[in-house]
Amino acid sequence: MVARAYTVAFEGVEARIVEVQCALAPGMPYFGVVGLPDKAVSEAKERVRAAMAAMSIALPSKRIMVNLSPADLPKEGSHFDLPIALALLAALDIIPKDAVEATVALGELSLDGRLIPVLGALPAAMAAAEEDRALLCPKACGAEAAWVGATQVLAAATLNDVVRHYTGQIPITPAEAGEVAPAATGRDFRDVKGQERAKRALEIAASGRHHALMVGTPGSGKSMLAARLPGILPPLSAQEALETSMIHSLAGLLSDGGISRARPFREPHHTASMAAIVGGGKGAKPGEISLAHNGVLFMDEFPEFPRTVLETLRQPIETGEIMVARANAHIRYPCRFLLIAAANPCKCGYMSDPARACAKVPLCGEDYLGRISGPLMDRFDLRVEVPPVAYTDLDLPSSGDSSAVVAERVATARARQAKRFAGHNSIRVNADMEGSLLEQVAAPDSEGRALLAKVAERFGLSARGYHRVLRVARTIADLDASDQVRLPHIAEAVSYRLAVGVKN
């Protein structure tokens, strides 16, 4: 007779149910695992054997065969240890078969029977809820998995605890969701002296999720401004928090089972590989653009990134998802992020300062920013020059609004967009608009339309550039609490599109 347990195999953020079948048959003693397992899954039989020996359970002198179905789905990871052990215990009639079949299990076994935490408890709980089954996982994963709320989560410390639970000796208390991680505070826009135009650009970017490029000399405050951007972004909604946390769960970034409502802020170094940025490597793990889903991706020294890495950003910026293609799998990850890029005007960084510029000015600036291709530059809605701040200005009192005041304006603008797009599931902010909806919502008045037509003709705006100006103008109108996109809104949006020295 075949005993069955259930677990999951991960395809990106999707967890697919896997049936673990265990059969005992007469013959020479043998313990085999089939069903396209990787090395870690194949080694599970040794960990299961040792864990059962630690519980004084001797395996019978029979042929033990474990099949992972569907057999053509690749199985990766050590989380198959616990479901294999459960199927074997059910085949030995140590625990009831029906109770095991009502559970989705995942967890790694140590040689002494302890359950070691694994990645992906949150998406596994989602899959268990869809199958109307409970989730059994290591104790350290319980607080994370309990956030789903739609299914019972049983978190055990050892395999012995699992056996006692299924035999009715000591039931496992269902796990409770972990604490919400507090948002980091302390960085305020008022710490930045001057740079009012750059602050305004970041406020617009945060309000409508418009990608921005800042160009300025070293030390002008580009990184300082970007670091303060999370302080003005609204907290994640419940749906966004769950989407983001599922990706972070696969990457092992959730600490103590807590889910944060703060938007992620990722800042990869310019030496990062393509796999690190867009995803891939062993197991096709999510990259920085997916870890920044619903948050901010800050890329400092933007032209220093390898050209191949920069060009891979073009499609994810437009579609909001990335397909990681490998020989044996195609994994899809969401990556709807706000891209903030910073760059020096040239290699030496002082092209605008005659006293410090190198002898290659202005060709060095054209060559340096020329590393950013035209199609990629066309995807930046806001292009801002960040001029150097004189040291005499550093002693002046702080100017401009605090992050709290700016965050309130951003939240109000986001609320207007949420109300506007309430009937559109795939559209959350102005940057997502396209087609007839964009033409209807962002249609400017006659004066604004005339200005935009002149600009498009004079500077040769692409169709993408034309529509991106309309989206930015709609966001500026939302910040101005205006139902109609007017001439001043179009003019300001155009000014960021045609920033001197940042055009392409």
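I started with helix α8 and found it mostly covered, with ten of its 13 residues buried. The model I am reading is a predicted one.

I listed the buried residues of α8: Ala-198, Lys-199, Ala-201, Leu-202, Glu-203, Ile-204, Ala-205, Ala-206, Ser-207 and Gly-208. Then I looked up what covers them. The cover includes the helices α9 (222–227), α17 (403–420), α20 (463–479) and α21 (487–497), along with the strands β17 (338–343) and β18 (382–386).

I checked the length of α8, which runs over residues 196–208. From first C-alpha to last it reaches 19 Å, close to the 18 Å expected at 1.5 Å a residue. Just after the helix, I noted that Arg-209 has a positive phi of about 55°.

Next I turned to strand β9, residues 153–156. Both of its faces are covered: Val-153 and Ala-155 are buried on one side, Leu-154 and Ala-156 on the other. I found β9 paired with strand β8 (residues 134–138) in the parallel sense, over four bridges. Leu-135 has Val-153 in β9 as its bridge partner.

Last, I looked at the whole chain. I counted 21 helices and 18 strands. Its C-alpha atoms fill a box of roughly 85 × 50 × 45 Å along the principal axes. Of its 504 residues, 50% count as buried. Among contacts with a separation of 6 or more, 74% join residues 24 or more positions apart. The chain exposes about 22200 Å², and carbon and sulfur atoms supply 52% of that. For charge, I noted 55 positive and 56 negative side chains, the centres of the two sets lying 3 Å apart.

How values were computed
Residues numbered from 1 in each chain as written. Predicted model: local features only at pLDDT ≥ 70, side-chain atom pairs only at ≥ 80, totals over all residues. Heavy atoms only, no water. Helix = DSSP H or I, 4+ residues; strand = E, 2+ residues; numbered from the N terminus. Buried < 20%, exposed > 50% of the residue type's maximum accessible area, 1.4 Å probe, protein only. Contact = heavy atoms within 4.5 Å. Areas by Shrake-Rupley, 256 points an atom, 1.4 Å probe, with all protein chains shown as cover. Lys, Arg positive; Asp, Glu negative; His and termini not counted. Charge placed at Lys NZ, Arg CZ, Asp CG, Glu CD. Pairing = 2+ DSSP bridges. Expected span 1.5 Å × (residues − 1).
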